[in-house]
Structures are given as C-alpha cells and as structure tokens.
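Subject: Handover of a structure

Dear colleague,

My notes on it follow directly after.

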Amino acid sequence: MNKILKGELESYLKKILSKEKPKSILIITGKNSYKKSEAEVFFNQISLKHTTTFYRKVEKNPYYTEILSFLKSHEEYSFDIIIAYGGGAVIDFSKLVALFKNNISVFTTDFQSSDDLLDTIPIIAIPTTAGSGSEVTKGSIITDVKRKLKLGIRGDDIFPKEAIIDPELTISCPENVTVQTGFDTFSHIFESYVAKKSSIITDRYAEEALLIIKEFLPKCLANRLDIKAREKMSYAALLGGVCVANASTCLPHRLQQAMGGVIDVAHGKGLAILYKSWFKIAYPFKINKFDKFLNILDIDGTPNSVLENFMKKIKMDFKLSDIGAKKSNIDQFIDRVNGNIDNDPIDNIDTELMRKIYLESF
Ligand SMILES: [Fe+2]
C-alpha cells in the first residue's frame with residue numbers, strides 16, 4: 001500500500017505498527033536525513049513501546065562490506081519489521097538487510113540467490129527525498145568497493161510492504177539533493193517512456209509526472225519551503241517509481257551504475273552527465289515517442305536543444321571531467337556494465353556504442 005500524507009507520518013505509522021504488532025523493529029536511517037528532521041523524537045517514542053534497534057549510518061551508497069558488518073554485529077538479533085527512513089540509499093540498504101538477514105548463505109558473490117523461497121523481513125519505506133522511487137520498486141543497488149562494482153538486485157521479496165510518503169520530510173533537502181533526486185525522477189519517467197517495456201499505463205504516469213516536474217522542480221529550487229511544490233515532486237517521484245517497477249530503465253542507468261562503481265558521484269548527477277549523448281544516439285530509434293515526451297516540456301527548439309535547455313534551467317549541466325573522471329577510466333566503466341540493456345530504444349548496443357557515449361560526455 002502506498003500513501004501520500006502531509007505531516008501525518010506519525011499517526012499513520014503508529015496505525016501500521018498497532019496493526020502489525022512487531023515484537024522487534026529495526027529502524028535504518030541516513031546520517032544526515034535523520035539529524036535534519038524531527039524524526040529522532042518520534043522514533044524514540046516508538047522505541048518506548050517496541051523493542052527497537054537503530055542503525056543510523058547509511059551514506060551515499062549501500063556498501064556490501066557495510067551490510068556484512070551490520071549482519072555480523074546483529075547475528076543474534078531477529079527483526080519482524082524494518083523501517084527505512086531516508087533517501088534512496090537508505091531504502092536500498094534496508095532492502096538488502098531485509099533480504100540477506102535470514103538468507104545470506106544462499107547468495108553467491110554476484111548476489112544471485114539459489115533459493116526462490118526466501119525468508120525476507122517486511123519493510124516500511126519512508127522516503128525523505130523525492131527522487132529514487134525505491135519505496136515502490138523491487139530493486140536495490142549494492143556497491144562492492146573491492147571490485148569497484150555496482151550490481152542491481154531485483155525481486156518481489158524486497159518490494160516494500162508499505163510506502164509512506166510525507167512531502168514535509170523533503171523540505172530539509174538542500175538544493176543539490178533536491179535537483180539531483182528530481183533529475184533521477186525525470187530520468188525514470190523518460191527512460192520508462194521510451195523503453196521497449198513501456199505500456200499505455202506507464203506512459204500516462206510518465207506524462208503526468210513530466211508535467212509536474214516541468215512546473216514544480218524549478219519551484220522547489222526557487223523556494224525550499226514551497227510545500228505545494230514539494231508535495232507535487234513527491235508524487236512525481238512515486239509515479240516514476242511505479243514506471244520503473246513496470247517498464248524499467250534504459251542505457252543511462254546501466255552506464256551510470258557501471259561508472260558509479262569506479263567514480264564516486266551522486267546517481268542523479270551521473271545520469272545527467274550521460275544524458276545528452278545517449279539522447280542524440282537514441283532519438284532516431286523512437287522519434288515519435290521522444291518528440292511526444294519533449295513536447296510536454298513546451299520549450300522551443302530542436303529536440304537536442306529542448307533537452308539541453310531544460311537541463312540548464314534546472315542546473316544539471318555537467319561533464320564527466322567535472323567529477324574527476326579520465327578518458328583512461330572508460331574501459332573500467334565498460335567492463336562493469338551489467339543488467340538488462342535490451343530494454344533501451346537503441347538496437348544492438350555494443351561496447352563501441354557505450355564507449356562513444358562515455359567519450360562524448362567529457
Ligand atoms: Fe535512478
């Protein structure tokens with residue numbers, strides 16, 4: 001069940017907990033999102049009524065070593081429910097704890113499970129950013145620092161049982177997080193719209209989300225406290241998550257994931273770096289669909305300039321060189337591309353095409 005609330009998180013979560021009656025709750029948060037909100041008081045109240053364990057250390061990425069060390073230090077614990085309170089990384093981290101806690105022995109080093117019937121812990125996802133949509137997807141990205149590799153883990157087991165979206169929680173997001181997560185939402189709806197797996201339903205959701213992003217992302221940036229704009233962007237992020245869950249993403253997400261294992265960059269920023277080159281190559285493969293999407297932005301110009309102007313308007317105009325990448329890194333990036341690339345509108349994607357996109361993004 002997904003619910004959008006305004007400032008009513010506390011009462012709604014209490015209702016869920018009184019229904020579920022968990023004996024033991026694990027609350028996972030980020031370092032920053034937690035401190036900047038009033039959640040500490042609220043979660044302390046929960047801990048008076050339930051046996052509660054806190055983990056407040058999740059950073060930008062869910063690291064495999066961090067998950068292993070969490071599992072090791074909590075071997076003796078058992079949890080009935082996980083509350084994931086934070087941005088996409090916190091929710092992804094929580095999904096991995098939920099999945100691995102009782103099943104670690106059935107996973108290979110590439111995180112493939114040998115068992116279909118896994119004993120996973122239900123998750124209540126409470127996003128504090130409007131972007132990843134992870135609260136309504138069955139995917140999680142794990143970072144293996146040793147191998148400089150990011151891998152996607154997907155399955156119905158990690159689809160959150162409840163997603164509670166309270167736009168007031170996103171007010172504390174600084175401008176860079178707001179725009180990077182907002183661009184992530186933009187990329188979810190754009191890629192799902194031109195994906196081979198797109199459908200009439202995901203297309204309608206994507207069109208509605210784009211109308212919202214066009215109007216309200218700039219408003220969030222102009223006034224951090226604009227609650228109406230925050231509420232709209234939370235809704236757009238939710239729609240984006242539903243699009244990803246049903247139509248998935250395309251090549252930019254695969255290339256960003258590969259590059260993110262080598263260079264530390266925020267997901268939304270990494271996507272923005274690759275977008276212009278990918279767009280130029282992908283456009284001829286689905287002209288009508290691309291045109292229809294860009295027309296919603298209502299900006300005059302050629303398809304390329306419409307996208308470029310939109311990205312400039314929301315200050316997401318970056319190059320690979322801006323994040324310290326070198327052309328000599330490209331082979332490492334290509335070696336790390338994994339996941340489904342057949343969903344992209346571009347037919348017959350090969351390593352040369354990937355190289356071209358990375359090169360043009362410098
Ligand atoms: Fe994404």
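This is a predicted model: local features need pLDDT of at least 70, side-chain atom pairs count only at pLDDT 80 or more; totals for chains, interfaces and linings use all residues.

Domains

The domain assignment of the protein gives two domains, domain 1 (2–168) and domain 2 (174–360). Their centres, taken over C-alpha atoms, are separated by 25 Å. The contact takes 24 residues from domain 1 and 29 residues from domain 2. On the side of domain 1 that touches domain 2, the elements that give two or more residues are β1 (2–4), β6 (139–144) and β7 (149–154). The largest share of that side, four residues, comes from β7.

The nonpolar core

The largest nonpolar core has 96 residues, and the members that touch the most others are I28, I82, I83, A84, I189, A209 and M233. Helix α8 gives the largest share of this core, ten residues. Both domain 1 (2–168) and domain 2 (174–360) give residues to the core, so it lies between them. As background, nonpolar side chains tend to be buried together in soluble globular proteins.

Leaving aside residues up to four places away in sequence, I189 touches A206, A209, L210, L239, G240 and C243.

Strand β2

Strand β2 (residues 24–30) is mostly covered, with six of its seven residues buried. β2 is joined to strand β3 (residues 51–58) by six bridges, and the two run parallel. I28, named above among the core residues, has Y55 as its bridge partner in β3. β2 also pairs with strand β4 (residues 81–86) in the parallel sense, over five bridges. In that pairing, the partner of I25 in β4 is I81.

At 1.5 Å a residue, α8 should span 30 Å, and its end C-alpha atoms are 30 Å apart, which agrees.

Helix α1 (residues 9–20) has twelve residues. From its first C-alpha to its last, α1 reaches 16 Å, close to the 16 Å expected at 1.5 Å a residue.

Positive phi values

Most residues other than glycine have a negative phi.

- S248, which follows α8, has a positive phi near 65°. S248 is found in the loop between α8 (227–247) and α9 (251–260).
- N348 is a residue other than glycine with a positive phi, near 50°. N348 is found in the loop between α13 (330–335) and α14 (351–360).

Are S248 and N348 buried or exposed? S248 has 23 other C-beta atoms within 10 Å and is therefore buried, since the cut-off for a buried residue is 20 or more. N348 has 6 C-beta neighbours inside 10 Å and so counts as exposed, the cut-off there being 12 or fewer.

Yours sincerely

How values were computed: Residues are numbered from 1 along each chain as its sequence is written. A nonpolar core is a set of buried Ala, Val, Leu, Ile, Met, Phe, Trp, Tyr and Cys residues joined through C-beta atoms within 7 Å. Domain bounds come from an automatic or database domain assignment. Two residues are in contact if their C-beta atoms, placed from the backbone, lie within 7 Å. Two strands pair if DSSP finds at least two bridges between them. The expected span of a helix is 1.5 Å times one less than its number of residues.
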